[in-house]
Amino acid sequence: MTALAWEERIQRGAHPVVYPAIRGLRRLGPVVRVPGIGVVVSDAATAREVLLDTDHFSKVGPGAPSELWTPVLGPSVLLNMEGSDHARLRRSLAGLFTPRAVRELVAVSVPEVLAGLPERLLAGERVDVVAETATTAGTVICAMTGLPPTDTAVGEAMTAAQSIVGLVRLHRRSLTPSQVRHARAVLARLSAPALDAYRSADPSTVPGRMRELGLSEEEAMGAVGAFVLTGTETIQSFVPRLVALAADTGWLDRLLAADPSTTEGAALRGRVVEEALRITAPTPVMLRSVRAPATVGGVRVRAGDRIVIATISCCRDAGPFDPAAPVDAAVRHLWFGAGPHFCLGMPLALAQVDAVLDALRPVADAGRAVAVVHRSVARGVLIPAYRSLVVEAA
Ligand code: HEM
């Protein structure tokens with residue numbers, strides 16, 4: 001089966017009805033109004049215009065992320081804020097995502113988790129990249145919340161994040177009262193150590209750093225919740241899909257052999273990762289609420305309408321997976337958004353991807369290839385993903 005055929009399976013496993021429907025809309029035009037869903041944008045340049053135009057389009061309002069997340073996380077967690085309050089909170093949080101800060105966070109939490117991975121592969125063991133990534137992402141959540149990363153804590157952190165994100169459906173604009181109760185209870189359990197870490201103001205913990213950066217207790221707990229929701233399933237989805245896509249297109253050997261400490265190695269790794277992000281677009285849609293009458297790609301919209309940016313169509317339609325091809329400027333980084341809400345966690349995401357690739361590199365250094373021997377797709381999840389991706393050293 002081809003690389004794209006596997007990607008189609010993953011998308012359909014997650015969204016058997018909505019995914020083909022959204023992809024089918026492209027035949028009707030780049031911007032199409034769909035009753036019950038919203039005004040769907042499938043074109044990268046138009047999507048970027050919407051994301052940059054905060055006078056007309058907002059993450060707060062009917063059909064926007066605020067309707068989903070404010071009842072769970074409270075009113076001030078970046079992804080449901082706009083304007084000067086949003087800009088101020090982002091500035092305060094910036095110190096957590098400098099290249100150095102994320103390198104340290106990942107260096108402290110992740111290497112132990114991935115230690116031994118190449119030896120296991122070289123000794124003939126088969127390894128599930130999905131399980132390894134889940135442990136990596138769960139360990140990072142533990143570091144964020146200030147929990148010691150025991151196996152139980154890591155597993156519980158992942159289950160908690162998945163059980164909240166999995167409540168969201170595109171055709172429902174908000175969570176039901178019982179879903180809100182469930183999500184709040186799960187997050188409260190997860191954030192309890194974060195609250196202790198914040199109160200004890202220990203700067204070696206992320207919540208302690210947040211206090212140092214001037215965040216109030218409420219803002220810090222909201223940020224922890226937002227990071228867990230935005231930064232867990234995306235990584236869990238992306239890393240195995242990167243490995244599979246690179247394997248299916250004949251790029252995996254070069255990707256794993258690339259030495260990121262050299263200019264060429266870093267450039268090659270960067271291009272393959274970017275191209276895989278473009279093809280997979282782990283956040284398949286972005287939502288906005290219309291604040292004031294406007295026109296989107298020739299379609300008139302009014303206040304209260306919902307805009308559904310089909311990131312997956314905008315990114316995927318720029319061509320087949322080809323790390324050697326030049327990047328289309330309209331599409332570049334759109335998988336991380338654009339404008340004031342551009343993914344705050346991008347450096348952390350890329351550092352986690354690097355950690356997994358670094359852990360696999362010794363297999364290439366030993367002159368062996370990493371081959372996919374078995375895989376299955378996840379069903380009924382919000383963020384399309386593999387359920388398992390088993391590899392071996394060939
Ligand atoms: C491959 C992994 C990831 C992808 C593809 C991704 C994608 C995105 C996208 C598309 C947005 C913008 C959504 C919009 O404008 O509606 C976003 C925002 C955000 N992301 Fe990521 N993300 C990833 C990983 C992470 C990680 C690891 C974190 C960790 C903390 C994170 C934290 C955030 C936050 C806090 C926001 C909200 C920013 C704001 O509203 O100002 N993301 N992400």
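Residues are numbered from 1 along each chain as its sequence is written, and side-chain values use heavy atoms, with hydrogens and water left out. Because the model is predicted, local features need pLDDT of at least 70 and side-chain atom pairs count only at pLDDT 80 or more, while totals for chains, interfaces and linings use all residues.

**The iron site**

The ligand's iron atom has a single protein donor: Cys343, through SG, 2.3 Å away. Donors are N, O and S atoms within 2.8 Å of the metal (3.2 Å for Na, K and Ca); water is not among the atoms, so sites may look incomplete. Cys343 lies in the loop between α17 (311-316) and α18 (346-365). Helices (H or I, at least four residues) and strands (E, at least two) are DSSP runs, numbered from the N terminus.

**Rings and charges**

A pair of aromatic rings is described by the distance of the centres and the angle of the planes. The whole structure has three aromatic pairs. Rings of Phe, Tyr and Trp (its six-membered ring) pair if their centres lie within 6.5 Å; planes under 30 degrees apart count as stacked, over 60 as edge-to-face and the rest as tilted. Trp6 and Tyr386 form a tilted pair, 6.2 Å centre to centre with 50 degrees between the planes. Trp6 is in helix α1 (residues 3-14) and Tyr386 in strand β10 (residues 386-393), so the pair links distant parts of the chain, 380 residues apart. Trp6 counts as buried because its relative accessibility is 11%; Tyr386 is buried too, at 4%. Buried means under 20% relative accessible area, exposed over 50%, partly exposed in between (1.4 Å probe, protein chains only).

Two arginines place a charged end over a ring (CZ of Arg, or NZ of Lys, within 6 Å of the ring centre and within 35 degrees of the ring normal).

| Charged end | Ring | Distance from ring centre |
|---|---|---|
| Arg9 | Trp6 | 4.8 Å |
| Arg254 | Trp251 | 3.9 Å |

**The cavity**

The structure holds one cavity of 30 Å³ or more. On a 1 Å grid over the protein atoms alone, a cavity is a set of points where a 1.4 Å probe fits but cannot get out; lining residues have an atom within 4 Å of a point. The largest cavity has about 40 Å³ of space. Its lining includes Val50, Asp53, Arg288 and His341.

Technical notes: On a 1 Å grid over the protein atoms alone, a cavity is a set of points where a 1.4 Å probe fits but cannot get out, and a pocket is an open set with protein on both sides within 12 Å along at least five of seven lines; lining residues have an atom within 4 Å of a point. Grid points are joined across faces, edges and corners, and a volume is the space filled by probe spheres set on the points.
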